[in-house]
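Morning, everyone. Please bring up the model on your screens, and keep the sequence beside it.

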Amino acid sequence: MYKIAICDDNLFFIKQLRTILKEKIRSDDQIEIYEYHSGEQLLMEMDHFFDVIFMDVVLPKRDGMSIAEELYRMNPLILLIYCSGTILPTTEAFQVQPYRYLLKQEMNQSWDRNIDDILHEMKLRNQKILKVTCEKEERWIHSDNLLYVMTEGKHSKITFYENEEKQRKIKTITVRENIREIEEKMDQETCYRVHRSVIVQFNYIVQIKNNIITMEDGQKIQISRMKAKKFHEKFSDYMGVKYRREK
């Protein structure tokens, strides 16, 4: 299920954008569209995350750019689209890296192609996002930032990188999902379940010795005897692909 939010105080524009989106959405796509007429209203309802947010730059109270900064602190993985009828992009507009900056007056000329690009990017990003529940709240973790997953009773403990106040920090959280559910959502080419209770991400392995993996944060993980052969095969394939890409 994809969730798209439109935050704009112009009801006619919202209606136009809804029409374009519905024309572009395939019948087998599960997409819900939400409307907000102020940034404050959107922030109040951010208990669930959105895959895409179309944000008006000029809003009644707070401008869209300051709202976007707050949204990014809550969820840095959103696909942000600025929409403006009067203002051209400024350096301030790119403090939170929007995917597109669209001018409303060009809706009939360039929006058709841009909406195609936005929906395509939304689906690509969604494949890389791990959506989990932590303390009854939805959390999004980019799969490329995940170091490893361990079982925690019936649930799981995830260790990952997160950008906090412009610094990359390692965090660990306990989530409701079990390790099998998380494994199904992960890229099988870049990770492996080395033990029934541990999944590792290849990119953050710094050493393998005597079937003991050392991760980037210093965590040591034992590879089970039954999994060892398959792990070494998959890790070698991964390193081969990575080396060819970096050449």
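Ground rules. This is a predicted model, where local features need pLDDT of at least 70, side-chain atom pairs count only at pLDDT 80 or more, and totals for chains, interfaces and linings use all residues. Numbering runs from 1 along each chain as its sequence is written, and side-chain values use heavy atoms, with hydrogens and water left out.

Overall make-up. The protein chain has six helices and 15 strands. These are DSSP runs, numbered from the N terminus: helices are H or I with at least four residues, strands are E with at least two. The C-alpha trace spans about 65 × 40 × 35 Å along its principal axes. There are 247 residues, and 45% of them count as buried. Buried means under 20% relative accessible area, exposed means over 50%, and partly exposed is in between, with a 1.4 Å probe and protein chains only. Now contacts, meaning heavy atoms within 4.5 Å. Take those between residues at least 6 apart in sequence: 52% join residues at least 24 apart.

On to the cores. In soluble globular proteins, nonpolar side chains tend to be buried together. A nonpolar core here is a set of buried Ala, Val, Leu, Ile, Met, Phe, Trp, Tyr and Cys residues joined through side-chain atoms within 4.5 Å. The largest one has 25 residues. Leu 42, Phe 50, Ile 53, Met 55, Leu 71, Leu 80 and Tyr 82 have the most contacts inside it. Which elements give two or more residues to this core? Strands E1 (2-7), E3 (52-56), E4 (79-84) and E5 (100-103), plus helices H2 (39-44) and H3 (64-74). H3 gives the most, with five residues. Another core, of 23 residues, lies apart from this one, and its members include Tyr 2, Ile 20, Ile 25 and Cys 83.

Look at Met 55 in the largest core. Leaving out residues up to four places away in sequence, Met 55 touches Cys 7, Leu 42, Gly 64, Ile 67, Leu 71, Leu 80, Ile 81, Tyr 82 and Cys 83.

Next, the helix pair. The axes of H1 and H4 come within 10 Å and cross at roughly 55°. Axes are lines fitted to C-alpha atoms, for helices over the stretch in contact, and angles run from 0 to 180 degrees between N-to-C directions. So H1 is oblique to H4. Oblique is what remains after under 35 degrees (roughly parallel), over 145 (roughly antiparallel) and 65 to 115 (roughly perpendicular). The residues that meet include Phe 13, Leu 17 and Lys 24 in H1, and Trp 111, Ile 115 and Asp 116 in H4.

Last, salt bridges: a side-chain nitrogen of Lys or Arg within 4 Å of a carboxyl oxygen of Asp or Glu. The whole structure has 15. Asp 116 and Lys 24 form one, at 3.2 Å, N to O. That pair links H4 (residues 107-128) to H1, 92 residues apart. Asp 116 is partly exposed at 38% relative accessible area, and Lys 24 is partly exposed at 23%. Glu 35 and Arg 18 form another, at 2.6 Å, N to O. Glu 35 sits in strand E2 (residues 31-36) and Arg 18 in H1 (residues 11-24), so this bridge ties together parts 17 residues apart in sequence. Arg 62 also bridges to Glu 70, at 3.0 Å. Finally, a network of salt bridges links Asp 8, Asp 56 and Lys 104.
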